[in-house]
Amino acid sequence: MANCYFLFCICYLIFGIYIAMCLAIPGQVTRIRGRQVWVQYPGQTRKALLAEEGVKIGDWVMVQMGLVARILPPKEAAAMLAAWKS
């Protein structure tokens, strides 16, 4: 972890930017309007844009940087959520 912090500091000093990492958790699509979708996560709902074809209400998805990046099989989504809760 210290190496990552060092790398982030160096990137900030040299390039003037922060590098941030986001971790995605599965969410379930609850509403679709055009290319915009509403994704339900534990405790909150967030908007995202469709980057994946064939998404429908009820699908489990992974959202990265505000885009639906992947549709997940329900069993995989359940396993990932269980891992997050533990």
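Predicted model: local features only at pLDDT ≥ 70, side-chain atom pairs only at ≥ 80, totals over all residues.
Residues are numbered from 1 along each chain as its sequence is written. Local features need pLDDT of at least 70, side-chain atom pairs count only at pLDDT 80 or more, and totals for chains, interfaces and linings use all residues, while side-chain values use heavy atoms, with hydrogens and water left out.

Strands S1 and S2 are antiparallel over five bridges, with Arg33 opposite Gln36 in S2, and they form a hairpin with two residues between them, in whose turn Gly34 has a positive phi of about 65°. S2 and S3 also run antiparallel, joined by six bridges; Tyr41 has Gln44 in S3 as its bridge partner, and Gly43 in this hairpin takes a positive phi near 90°. S3 (residues 44-50) pairs with S5 (residues 67-72) in the parallel sense over two bridges, and Leu50 stands opposite Val68 in S5.

Arg35, in the loop between S1 (27-33) and S2 (36-41), counts as exposed because its relative accessibility is 53%, the cut-off for exposed being over 50% relative accessible area, against under 20% for buried and partly exposed in between (1.4 Å probe, protein chains only). Beyond its neighbours within four places in sequence, Arg35 is in contact (heavy atoms within 4.5 Å) with Ala48, Leu49, Leu50 and Ala51.

Key: Pairing = 2+ DSSP bridges. Helix = DSSP H or I, 4+ residues; strand = E, 2+ residues; numbered from the N terminus.
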